[in-house]
Amino acid sequence: MDAHGDVVALWQRCEGIGLSEADSPAQMRTYLERNLGMSFVAAANSRIVGAVLCGHDGRRGYIHHLAVDPLFRRQGIGRLLIANALRALGGAGIHKCHIFIFSDNIAGMKFWKAEGWTVRSEIDLASKEIETSGSNSSLR
């Protein structure tokens with residue numbers, strides 16, 4: 001988790017990434033421990049310039065955040081991060097992966113379509129906050 005702050009800073013610099021309490025150091029630690037070897041970072045000059053958060057539920061894979069620093073885009077970093085994540089999922093026996101994309105993230109949609117992903121218009125996503133022991137319901 002040494003890179004957590006640097007990765008979050010990258011995600012904050014990039015459009016189309018939605019962060020929440022689920023991206024806190026403790027939540028990320030739990031996620032990464034449950035999905036060992038599924039998430040990756042790219043570095044240049046000792047600085048994180050790309051990151052992908054990936055995991056699975058035993059049935060489907062999920063990419064929650066993919067970001068490449070705007071100064072380092074169009075160099076294949078995003079493709080390499082995706083390839084590593086998909087290879088890790090395949091190694092775990094996962095045959096399909098989903099990505100969550102904000103509907104107004106036009107650049108993101110264009111990127112994922114160019115990479116061969118299918119945007120699913122027949123599926124909507126619904127979410128609900130869940131009270132957990134020790135949680136602060138005021139954080140969204």
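Opposite its buried side sit the exposed residues Ile-106, Ala-107, Lys-110 and Ala-114. Here exposed means over 50% relative accessible area, buried means under 20%, and partly exposed lies in between (1.4 Å probe, protein chains only). Helices (H or I, at least four residues) and strands (E, at least two) are DSSP runs, numbered from the N terminus.

H4 spans residues 106–114, and its buried residues are Gly-108, Met-109 and Trp-112. They cover an arc of only 100° around the axis, so they lie on the same side of H4. That arc is taken from the directions from the helix axis to the C-beta atoms. An α-helix has 3.6 residues a turn, so residues three or four places apart point the same way. The buried residues of H4 pack against E3, helix H3 (77–91) and E4. Contact means heavy atoms within 4.5 Å. After H4 comes Gly-116, with a positive phi near 95°.

## Basis of the model

This is a predicted model: local features need pLDDT of at least 70, side-chain atom pairs count only at pLDDT 80 or more, and totals for chains, interfaces and linings use all residues. Residues are numbered from 1 along each chain as its sequence is written, and side-chain values use heavy atoms, with hydrogens and water left out.

## The chain overall

The chain has four helices and four strands. Along the sequence they follow the pattern α-α-β-β-β-α-β-α. The C-alpha trace spans about 45 × 40 × 35 Å along its principal axes.

A compact globule of 140 residues would have a radius of gyration near 14 Å; the chain has 15 Å, which agrees. The radius is taken over C-alpha atoms, and the globule rule is 2.2 Å times the number of residues to the power 0.38. Of the 140 residues, 32% count as buried. Among contacts between residues at least 6 apart in sequence, 57% join residues at least 24 apart.

## The sheet

Four strands form an open sheet in the order E1-E2-E3-E4, with mixed pairing. E1 and strand E4 (97–99) stand at the edges, each with a single partner strand, so one side of each has no neighbour in the sheet. The twist averages 20° from one strand to the next. Two strands pair if DSSP finds at least two bridges between them.

E2 and strand E3 (residues 61–68) run antiparallel, joined by seven bridges. Ala-51 stands opposite Ala-67 in E3. Helix H1 (residues 4–13) lies across E1, E2 and E3, at about 95° to E2. Axes are lines fitted to C-alpha atoms, for helices over the stretch in contact, and angles run from 0 to 180 degrees between N-to-C directions.

## The loop between E1 and E2

Most residues other than glycine have a negative phi. Asn-45 has a positive phi near 55°. It sits in the loop between strand E1 (40–44) and strand E2 (47–56). Ser-46, in the loop between E1 and E2, has a positive phi of about 60°. Asn-45 is exposed at 78% relative accessible area, and Ser-46 is exposed at 84%.

## Cysteines

The whole structure has zero disulfides, a disulfide being a pair of cysteine sulfur atoms within 2.5 Å. For Cys-14, the nearest cysteine sulfur is that of Cys-54, 18 Å away. Cys-14 is buried, at 6% relative accessibility.

Cys-54 is buried too, with a relative accessible area of 0%. Its sulfur is 5.0 Å from the closest cysteine sulfur, in Cys-97, too far for a bond.
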